[in-house]
Amino acid sequence: MNMQEMLNNIKEESKIKLEGATSLKTMEELRIKFLGKKGMLTDILKNMGKLSPEEKKTLGREANLIKRDIEALINARVDMLKKAEKEARLQREAIDVTEPGVAISLGTKHPISQVIDEVLEIFQEMGYEVIEGPLVDTVFNAFDGLNSPKTHPSRDLTDTFYIGKDICLRPHTSTVEIRTLKDKPVPFKMISPGRCFRCDTPDATHSPMFHQIEGMVVDEGITMADLKGTLDMMAKRLFGPETKTKFRPHHFPFTEPSAEMDVSCFKCGGKGCNVCKGSGWIEILGCGMTHPNVHSVGDVDTEKFTGFAFGMGVERIAMLKYGIEDIRHFYENDMRFIEQFK
Ligand SMILES: [Zn+2]
């Protein structure tokens, strides 16, 4: 093979190979193969010395042209590959803002919390202050302060969890009435949600741990009409604007007079169904005008100030509202149960 043929070969081979190269790495390898110190073209240029001056001139010029072509081809091709690589990277890293995001799994508010929040909101809108009390309280705050007679059955060891002679797990949120009367000057309006404890064997409607919401108002000139108006409004907000209320006389040691409030059945509207057991009415809470003996715990001027108080079971309201048939579902932490109340 003479030098002319070798040059022709290099010209063809370099064109095919360079145009077919798809990576910068291959480009570099080809550059070394053709133009490197030991490259094919360099080899030829080195051997030009053996040629006649005439051949040296023509072939030398041709070799330099090929060298220039190869260099130009390499540069153009490297530019193109770099550009393509950048595009590919941008494509890879591009964020499509229209793509749906990864759904974050949010928890569900427990139906007990939902009822508490709903009731608190109603009373907060009426200017009530939310006050919470400790779960462990004194026997005085749980019974004596509330005008409860020493012989009241709820004081029994079989009914209340005693921690010591004078300390117990609070059997109702009414303890917070006594705490507030001691702590706050009158007048005040307070609402107090929280957990309570009684020695009950768990069944479909009983649990040794449950929740109550307590409310208390002390001011000048408070009457039974204020109590009825307030609780009637709460019932309409909680169960719907068509809800009717009725108050039945009852007895509690801490209120006089005392009453139990029924609401018209929100399922049948009063016609009678399985929820209201055919009566058209559902018992919701206990209430009454606070006994002066209770007010006197807080040194309230009982001639000047009157007030009312009420307490309701949160589980009972949640069970009625959501049609839950067993109180134990609330405490089992079964997500399948809780997720139904989204
Ligand atoms: Zn009904």
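Mentor: Domain bounds come from an automatic or database domain assignment. Here the protein chain is divided into domain 1 (3-92) and domain 2 (111-341), and 93 Å separate the centres of the two domains, taken over C-alpha atoms. The model is predicted, so local features need pLDDT of at least 70 and side-chain atom pairs count only at pLDDT 80 or more, while totals for chains, interfaces and linings use all residues. Residues are numbered from 1 along each chain as its sequence is written, and side-chain values use heavy atoms, with hydrogens and water left out.

Trainee: How is a metal site read, and which residues coordinate the zinc ion?

Mentor: Donors are N, O and S atoms within 2.8 Å of the metal (3.2 Å for Na, K and Ca); water is not among the atoms, so sites may look incomplete. In this model the SG atoms of Cys265, Cys268, Cys273 and Cys276 coordinate the zinc ion at 2.2 to 2.3 Å. Along the sequence, these donor residues follow the spacing C-x2-C-x4-C-x2-C.

Trainee: Why is the arrangement around the zinc ion called tetrahedral?

Mentor: Four donors count as tetrahedral if all angles lie between 85 and 135 degrees. Ideal angles at a metal are 109.5 degrees for four tetrahedral donors. The 4 donor atoms around the zinc ion subtend angles of 105 to 116°, and the arrangement is therefore tetrahedral.

Trainee: Is Cys268 buried or exposed?

Mentor: Buried means under 20% relative accessible area, exposed over 50%, and partly exposed in between (1.4 Å probe, protein chains only). Cys268 counts as buried because its relative accessibility is 14%. Cys273 is buried as well, at 18%.

Trainee: What is a nonpolar core, and how many residues has the largest one?

Mentor: A nonpolar core is a set of buried Ala, Val, Leu, Ile, Met, Phe, Trp, Tyr and Cys residues joined through side-chain atoms within 4.5 Å. The largest has 44 residues, and those with the most contacts inside it are Met234, Ile284, Leu285 and Phe310. To name its elements, note that helices (H or I, at least four residues) and strands (E, at least two) are DSSP runs, numbered from the N terminus. Elements giving two or more residues to this core include α5 (111-125), β5 (209-220), α8 (224-239) and β8 (281-290). The most comes from α5, with 7 residues. Apart from this core lies another, of 20 residues, among them Met27, Ile70, Ile74 and Leu81.

Trainee: Which residues is Ile284 in contact with?

Mentor: Contact means heavy atoms within 4.5 Å. Leaving aside neighbours within four places in sequence, Ile284 is in contact with Phe239, Met261, Asp262, Val263, Met312, Ile317 and Leu320. Of these, Ile317 and Leu320 are among the buried residues of α10. The buried residues of α10 pack against α5, β5, α8, β8 and β9. After α10 comes Gly323, whose phi is positive, near 65°.

Trainee: What is the phi of Asp299?

Mentor: Asp299 is not a glycine, yet its phi is positive, about 55°. This residue lies in the loop between α9 (292-295) and β9, and it is exposed, with a relative accessible area of 73%. Asn333 also has a positive phi, near 55°. Asn333 is found in the loop between α10 and α11 and is exposed, at 62% relative accessible area.

Notes:
Four donors count as tetrahedral if all angles lie between 85 and 135 degrees; four count as square planar and six as octahedral if opposite donors are over 155 degrees apart and all others between 65 and 115; anything else is irregular.
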